[in-house]
Amino acid sequence: MSDHKRMWEKLNLDIEAHDGLLEVLGKFYGDIYMSQDNRLKGMEYMDFVLSEVHGLRIKELQDAKAAGRKVVGTFCVFVPEELTLAAGAVQVGLCAGAEVGSARAEDLVPRGTCALIKSFIGFKLSRLCPYIESCDMIVGETTCDGKKKAYEAFAAHAPLYVMEVPQTKSAAARALWRAEIVRFKERLEELTGKAITVDALKAAMKTVNARRRVLQRLNALRAADPAPISGRDALLINQISFYDDPERFTAKIGELCDELEARVARGQGVAPAGTPRLLLSGCPMAVPNWKLPYVVESSGAVIVGEESCIGTRNTRDLVDETPETMDGLLDALAERYMKIDCACFTPNDERMDNVAALAASQKADGVIHYALMFCQPYAHEAMKLGHTLADKGVPMLALETDYSMEDVEQLKTRVEAFVEMVS
């Protein structure tokens, strides 16, 4: 028995079902990623990380726990990783991007629940996510009604802590969020037995900001025509940023950006200059949700940006590192996270402006708005965003889908027609 299997057994995974999941994931990855031409050499690191996403990275988490560190799992970009790192803990994203254990999930949540929520519940109840099983605490957040109610049931199965995300950006809402930041800090200190100091928090801010900066650099390079990297690879990089060690990840993406800059200077790309350029906007795409990017890029277009939580919404804004007091640093954290333009907020006009600005900076010929089925906040905003972009002369296609593969041909028909229209 391999060391990985012994580790998975200790985590109480369903070994047979987990083996099946990894086999399907490996084939899916090969078909979507390894079939691409002209990939960057730097993507070999991403291939390796993905191949060991349930192996060596889980071993690192177990080693960290053996050394006395705690592991904190999250589903959302509202959870301030700076505080987790400052408390000496490790923060990781959790499994939520595959159609796994849906029938079991429907024992806890209604059938008409979005695929992302069903996925993380299904992974837990099916004992298929070594990240969830490694966590000392899982942090939920009230970004939609579906999640809020799902967490009530999920709490019976996992060590859950919930942050209350306000729904407006009024002064009262900002005060509430500032209090939630303090409450999270105190919970982390209780969990780890370690007081968060000014120096530790400032160091953690530098670490997380550095990761944001390197992803900003990557995104800026994608404005070149021809596009120097595929949307599939860029999405994978953003997805892995939630799993990998932050300092190692930042260094590796820095090297990849060096390679990208050289490619841009030579005028080389993954598709010929003039290939239709599309921006994806909307719901997050967690690993291994690669369906739509594959459909788009196999339909004659190239994706040049992702306006989502696994994209620029997570990397656009930095935390002010300059305050010298704990109160000042907590103010800076609260302010930065309140800039997130999640569809949970009302009104949320800044997201309309941010999508339009991103489409312009990436020289996109059109925008595909992606909403998970039953995700009311993003489905509503798709209608408003369509009007905003139409006023600016930017075509938009709104799609609703889930994690199943049943609608691939229907999606492809609509995407191909859209690509032809913007060409």
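Are Cys 95 and Cys 129 buried or exposed? Cys 95 is buried, and Cys 129 is buried as well (buried, under 20% relative accessible area; exposed, over 50%; partly exposed, in between; 1.4 Å probe, protein chains only). The model is predicted, with local features requiring pLDDT of at least 70, side-chain atom pairs pLDDT 80 or more, and totals for chains, interfaces and linings using all residues. Residues are numbered from 1 along each chain as its sequence is written, and side-chain values use heavy atoms, without hydrogens and water.

A disulfide (a pair of cysteine sulfur atoms within 2.5 Å) joins Cys 95 to Cys 129, with an S to S distance of 2.4 Å. The torsion about the S-S bond is about 75°, so the disulfide is right-handed. Cys 95 sits in the loop between strand E2 (90–93) and helix H6 (102–105), and Cys 129 in the loop between helix H7 (115–125) and helix H8 (130–134), so the pair ties together parts 34 residues apart in sequence. Helices (H or I, at least four residues) and strands (E, at least two) are DSSP runs, numbered from the N terminus. The count comes to one disulfide.

The sulfur of Cys 283 lies 3.7 Å from the closest cysteine sulfur, in Cys 375, too far for a bond. Cys 283 is buried, with a relative accessible area of 3%. Cys 375 is in no disulfide. Cys 375 is also buried, at 15% relative accessible area.
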